[in-house]
Amino acid sequence: MAVCPNFDNEETDPSSFFDGHSINWKRHYIGWAIAGVCALISTVISFRLLYKHARNYHKPSEQRHIMRIVLMIPIYSVISFLSYRFYKEAIYYETVRDCYEAFVIYSFFVLLLTYLGDDNKTRQSRITGSEHQKLMFPLNCYYYNPHSELFLHKMKYGVLQYVVVNPITTVASVILQYKGLYCDTSYNFAFGKVYITIIDFISVSVAMYCLVIFYLNIKTEIEEKS
């Protein structure tokens with residue numbers, strides 16, 4: 001039976017960052033301090049931007065998605081700091097980050113749709129480009145028609161599948177970790193991490209691929225929103 005390798009065999013450091021007289025400049029303390037300061041700075045800047053949007057909330061259909069996207073910055077930075085500081089419990093903090101990341105991708109896609117118009121007919125009419133286009137690498141041997149009725153639906157399904165898949169794999173990771181079957185330190189096929197990683201990679205690749213194709217076909221129409 002496969003055994004999950006444990007590289008954390010060192011004893012806990014009994015010293016503290018500040019002992020009342022001087023600072024102990026050990027590498028992990030320096031790392032924690034830098035990560036904490038960066039998380040604080042990014043959080044303050046992000047909330048200042050959110051406050052400005054809240055004070056000038058004149059286009060709620062657009063601004064609510066922008067605010068959700070901006071909120072990703074403090075969530076990501078704080079959770080990154082917590083995962084670094086309390087690395088043994090990192091997978092539990094990352095659950096929140098990964099689920100919100102999926103929500104942000106959804107919000108960005110809906111924001112692009114909102115920029116185009118309020119209904120599918122209007123959105124479809126504002127899509128630019130020729131009716132016979134090559135897909136991006138690595139599917140550049142295939143063609144698609146951005147003006148077809150199915151184009152928007154395919155892009156929606158391609159992006160939104162990640163919003164469903166990511167929370168499922170995240171919860172599965174937590175359950176496997178609790179059961180001792182995840183093994184964060186190994187990509188051995190006897191443990192769950194490698195399978196979760198493969199599923200997540202395929203799902204996010206499809207989502208980002210569709211998002212980029214969609215953006216390339218509407219970028220001229222939303223230039224004034226930049």
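The questions and answers below concern this predicted model.

Me: What pattern of helices and strands does the protein chain follow along the sequence?
Reply: The protein chain contains seven helices and two strands. Read in sequence order, these elements give the pattern α-α-α-α-α-β-β-α-α.

Me: How far does α6 reach from its first C-alpha to its last?
Reply: Helix α6 spans residues 149-179 and has 31 residues. At 1.5 Å a residue, 45 Å is expected. The reach in the model is close to that value, at 46 Å.

Me: Which elements are included in what covers the buried residues of α6?
Reply: The buried residues of α6 include Phe 151, Leu 152, Lys 156, Tyr 162 and Thr 170. Thr 170 is touched by Thr 95, a residue of helix α4. Leu 152 and Lys 156 are touched by Arg 123, which lies in helix α5. The cover of the buried residues of α6 includes α4, α5, β2 and α7.

Me: Is Thr 95 buried or exposed?
Reply: Thr 95 is found in helix α4, residues 90-116. Leaving aside residues up to four places away in sequence, it touches Thr 170 and Val 174. Because its relative accessible area is 16%, which lies under the 20% limit, Thr 95 is buried.

Me: What distance separates the C-alpha atoms of Arg 123 and Ile 218?
Reply: Arg 123 belongs to helix α5 and is buried, with a relative accessible area of 14%. Along the chain, Arg 123 and Ile 218 are 95 residues apart.

Me: Which residue has a side chain joined to that of Asn 217 by a polar contact of 2.9 Å?
Reply: Asn 217 has its place in helix α7, and at 3% relative accessibility it counts as buried. A polar atom of its side chain lies 2.8 Å from the backbone oxygen of Ile 213. Among the residues that Asn 217 touches are Ile 127, Gln 133 and Phe 151. The polar contact of 2.9 Å between side chains joins Asn 217 to Tyr 144.

Me: Why does Lys 193 count as buried, and what is its relative accessibility?
Reply: Lys 193 forms a salt bridge with Asp 184, with the closest N and O atoms 3.3 Å apart. Asp 184 counts as partly exposed because its relative accessibility is 46%. Lys 193 counts as buried because its value is under 20%. That relative accessibility is 12%.

Me: How far apart are the closest N and O atoms of Arg 97 and Asp 98?
Reply: Side chains of opposite charge can pair when their charged atoms come close. The structure holds two salt bridges, and one of them joins Arg 97 to Asp 98. Both Arg 97 and Asp 98 are buried. Their closest N and O atoms lie at a distance of 3.1 Å.

Me: Near what value is the phi of Cys 183?
Reply: Cys 183 lies in the loop between α6 and α7. At 3% relative accessibility, Cys 183 counts as buried. Its phi is positive, in a residue other than glycine, and is near 60°.

Me: What is the area of the nonpolar surface patch that includes Phe 189?
Reply: Phe 189 lies in the loop between α6 and α7. Phe 189 is exposed, with a relative accessible area of 54%. The nonpolar surface patch is made by Phe 189, Tyr 195, Ile 198, Phe 201, Ile 202 and Val 206, and its area is about 610 Å².

Conventions: Residues numbered from 1 in each chain as written. Predicted model: local features only at pLDDT ≥ 70, side-chain atom pairs only at ≥ 80, totals over all residues. Heavy atoms only, no water. Salt bridge = Lys/Arg side-chain N within 4 Å of Asp/Glu carboxyl O. Buried < 20%, exposed > 50% of the residue type's maximum accessible area, 1.4 Å probe, protein only. Patch = residues over 30% accessible without salt bridge, like charges linked within 9 Å, V, L, I, M, F, W, Y side chains within 5 Å. Areas by Shrake-Rupley, 256 points an atom, 1.4 Å probe, with all protein chains shown as cover. Helix = DSSP H or I, 4+ residues; strand = E, 2+ residues; numbered from the N terminus. Polar contact = N/O pair within 3.5 Å; in protein donor to acceptor, adjacent residues only side chain to side chain. Contact = heavy atoms within 4.5 Å. Expected span 1.5 Å × (residues − 1).
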